[in-house]
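Q: Could you take me through how the terms used for this model follow from their definitions?

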Amino acid sequence: IGNTKETKMIELDQIEKSFSDRKIFESLTYTFRTGEFYLVYGKNGAGKSTLFSLISLFDRDYHGAYLLDGEERKRLWGKREMKKRDESFSLLSPNNDLPPHMTLGELSAFEGFDCTLSFPSEKCVDTLSGGEKELIALDIEFHNKKPYLLLDETTSHLDDSHVNDFLALLQKRSEDQTVLFFTHDIRLKGRGKTLLLEDGKIREA
């Protein structure tokens with residue numbers, strides 16, 4: 001584990017985690033490499049949300065080695081841990097909270113980004129559909145320019161049209177990011193490198 005030439009990566013080595021007497025991860029080992037688009041599938045209870053929390057530095061209750069950009073995760077504590085999380089990760093889950101009474105123009109000024117989507121600037125956030133809100137939230141995260149984008153079931157409640165729009169934006173704008181998309185959504189298959197989380201391990205499908 002470890003690579004001096006390519007330091008922007010997520011390396012998991014022999015990760016073990018349990019809840020009470022139930023083992024979630026058993027010798028889980030995988031390296032997520034720079035600039036790749038990963039789709040992480042698994043049944044309910046397989047550990048997708050747990051892995052999401054572990055990778056994004058919210059969960060430190062595990063055994064094994066987790067190297068983020070070449071640095072052992074468990075050496076990060078307190079303010080240093082929060083700073084590393086904020087610098088490294090954009091996190092998206094369903095129903096991202098956008099200020100409901102702002103127009104898109106006001107939201108762009110508030111968040112400090114130029115909206116690249118073709119919505120009128122005077123349109124109010126609370127008039128957007130769920131799919132449109134997900135597109136806006138994704139656009140905001142791209143402007144944050146963080147190396148890792150983690151998504152948790154972000155398309156689960158979207159119709160086919162908005163799923164296609166979401167993926168088109170994601171694949172167009174994420175060229176310089178490592179994307180980990182944790183999902184059940186079979187509509188996404190074939191859009192990235194497919195991984196399967198089962199029996200406490202992760203493998204390429």
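Q: Why is Thr-194 called buried?
A: Thr-194 has a relative accessibility of 19%, and buried means under 20% relative accessible area, exposed over 50% and partly exposed in between (1.4 Å probe, protein chains only), so Thr-194 counts as buried. This is a predicted model, in which local features need pLDDT of at least 70 and side-chain atom pairs count only at pLDDT 80 or more, while totals for chains, interfaces and linings use all residues. Residues are numbered from 1 along each chain as its sequence is written, and side-chain values use heavy atoms, with hydrogens and water left out.

Q: Which residues does Thr-194 touch?
A: Leaving aside residues up to four places away in sequence, Thr-194 touches Leu-39, Tyr-41, Arg-203, Glu-204 and Ala-205, where contact means heavy atoms within 4.5 Å.

Q: What makes helix 4 and helix 5 roughly parallel?
A: The axes of helix 4 (residues 130-144) and helix 5 (residues 160-173) cross at roughly 5° and come within 10 Å. Angles under 35 degrees count as roughly parallel, over 145 as roughly antiparallel, 65 to 115 as roughly perpendicular and the rest as oblique, and helix 4 and helix 5 are therefore roughly parallel to each other. By class, their contact has 6 nonpolar, 3 polar and 5 charged residues.

Q: Which residues of helix 2 are buried, and which are exposed?
A: In helix 2 (residues 78-88), Glu-81, Lys-84, Arg-85 and Ser-88 are buried. These cover an arc of only 100° around the axis, which puts them on the same side of helix 2, whereas Lys-79, Lys-83 and Asp-86 are exposed on the other side.

Conventions: Helix = DSSP H or I, 4+ residues; strand = E, 2+ residues; numbered from the N terminus. Arc of directions from axis to C-beta. Axes fitted to C-alpha atoms, helices over the stretch in contact; angles between N-to-C directions. Nonpolar A, V, L, I, M, F, W, Y, C, P; charged D, E, K, R; others polar.
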